[in-house]
Amino acid sequence: MRLTGERQADLAAGLGISQAQVSRKQSGTAGWSLPDVDRLSAHYGIPVPDLLAGVDRAAHCLPTRRRAPAPGAAQLTITP
């Protein structure tokens, strides 16, 4: 989530579950179901095999449009 700039509440909304459920799943006190993994894959735009291959692989496959700007990076502003 750090790479995307999302909070647990953002991820929860994207997955259609509560923030508390995301917290439990991230801490390991609750498991991720296969439907959860499918929703994570769609939410982040990462194929399921790459998502399941580990954090490094998932981070590498994260689409650029999903990445949060790096701290200190110039922000592109489009004005009409």
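Is R7 buried or exposed? R7 is exposed, with a relative accessible area of 54%. For these words the cut-offs are: buried is under 20% relative accessible area, exposed is over 50%, and partly exposed is in between, with a 1.4 Å probe and protein chains only.

Before I go on, two notes on the source. This is a predicted model, in which local features need pLDDT of at least 70 and side-chain atom pairs count only at pLDDT 80 or more, while totals for chains, interfaces and linings use all residues. Residues are numbered from 1 along each chain as its sequence is written, and side-chain values use heavy atoms, with hydrogens and water left out.

Now the overall layout. The chain has five helices and zero strands, in the order α-α-α-α-α. Helices here are DSSP runs of H or I with at least four residues, strands are runs of E with at least two, and both are numbered from the N terminus. Of the 80 residues, 28% count as buried. The accessible surface is about 5500 Å², and 57% of that belongs to carbon and sulfur atoms; these areas come from the Shrake-Rupley method with a 1.4 Å probe, and for residues only the protein chains shown count as cover.

Next, helix α3, residues 34-44. Its buried residues are D36, V37, L40, S41, H43 and Y44. Seen down the axis of α3, they fall within an arc of 165°, so they line one face of the helix. That arc is taken from the directions from the helix axis to the C-beta atoms. The face turned away from the buried side carries the exposed residues L34 and A42. What do the buried residues of α3 pack against? They pack against α1 (8-15), α2 (19-27) and α4 (48-52). After α3 comes G45, with a positive phi near 75°.

On to the charged pairs. Side chains of opposite charge can pair when their charged atoms come close. A salt bridge here is a side-chain nitrogen of Lys or Arg within 4 Å of a carboxyl oxygen of Asp or Glu. The structure holds four of these salt bridges. One of them joins R7 to D10, with the closest N and O atoms 3.1 Å apart. D10 counts as partly exposed, at 28% relative accessibility.

Another salt bridge joins K25 and D36, at 2.7 Å from N to O. This pair links distant parts of the chain, with K25 in helix α2 and D36 in helix α3, 11 residues apart. Both K25 and D36 are buried. D36 also meets R39 in a salt bridge, at 2.6 Å from N to O. D36 and R39 both lie in α3, three residues apart, about one turn of the helix. D36 has a relative accessible area of 6%, whereas R39 is partly exposed at 32%. Salt bridges that share partners join K25, D36 and R39 into one network.

Last, the nonpolar core. The term covers a set of buried Ala, Val, Leu, Ile, Met, Phe, Trp, Tyr and Cys residues joined through side-chain atoms within 4.5 Å. The largest one has 13 residues, and those with the most contacts inside it are L11, L40, Y44, I46 and L51. The elements giving two or more residues to this core are α1, α3 and α5 (55-61).

Which residues does L51 touch, leaving aside its neighbours within four places in sequence? L51 is in contact with V37, L40, S41, I46 and A58, where contact means heavy atoms within 4.5 Å.
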